[in-house]
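Grab a pencil and have the model open.

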Amino acid sequence: MSETRSGEDVESLEEPREFREERDEPEEPEERSDERLQHAYGELDIPDDVAVLEGMPDGTRRSVAIVAARFNGEITNQLLEAALEQLDESGVRREAITVMPVPGAFELPLAAMALAKTRRYACVVALGCVVRGETPHFDFIASEAASGLQLAALETGVPVAFGVLTVDVKEQAVARISKGAEAVRTALEMADAFAQLRASASGR
């Protein structure tokens, strides 16, 4: 029968401490540039010999609807303020703006669909904020809001801009308040492009 080794004997069979620490040290994560971590905007190189149909964020003579979620209202209020400022800069008259508050992000698609179906608005801007919690609730709400708003646009043909922040913590949302203005510019650009397309189709 083999002899039982003492604790001292067992320790002597192990690797020297400095080798163990060197081996177990985690590798440094690969550095990633900001460009890889963020969405990047850019211009398209379109040949001069093709027709280009491109909208401009011009709100002159346009009516715009905004649907805004009350949940996380301190963030949505800032998004709304940024959106209204951008509408002013884009030439949209205040009397041509309708704001429809809804309880939360989950209700945004239904409200956007209803507004778009009236055909009173050139575009709809959806604003809200969903903050990740400790349950899968965040994933369901964020996904349903995104797909529902896209469906509202596809079914009605009215541009619906996604101005919903989906963040881990509220501090990230505060740093992204400009999303409200960005959503307005997107909506107006698409509305202008669609107006040009209708005009060209009718021969005007």
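**Exercise 1.** Which strands does helix H5 lie across, and at about what angle does H5 run to S1?

*Solution.* First, some ground rules: this is a predicted model, where local features need pLDDT of at least 70, side-chain atom pairs count only at pLDDT 80 or more, and totals for chains, interfaces and linings use all residues. Residues are numbered from 1 along each chain as its sequence is written, and side-chain values use heavy atoms, leaving out hydrogens and water.

H5 lies across S1, S2, S3 (123–131) and S4, at about 165° to S1. Angles run from 0 to 180 degrees between N-to-C directions, with axes fitted to C-alpha atoms, for helices over the stretch in contact.

Next, look at H6 (residues 137–156): this helix packs on the sheet and touches S3 and S4, contact being heavy atoms within 4.5 Å.

**Exercise 2.** Work out the strand order of the sheet.

*Solution.* Start with S1 (residues 64–69), joined to S2 by six bridges; pairing takes at least two DSSP bridges. Carry on across, and the open, parallel sheet reads S2-S1-S3-S4. That leaves S2 (97–102) and S4 (160–167) as edge strands, each pairing on one side only.

**Exercise 3.** Is Val-52 buried, partly exposed or exposed?

*Solution.* Go to the loop between H3 (34–37) and S1, where Val-52 is found. Its relative accessibility is 48%, so Val-52 counts as partly exposed (buried is under 20% relative accessible area, exposed over 50%, partly exposed in between; 1.4 Å probe, protein chains only).

Key:
Helices (H or I, at least four residues) and strands (E, at least two) are DSSP runs, numbered from the N terminus.
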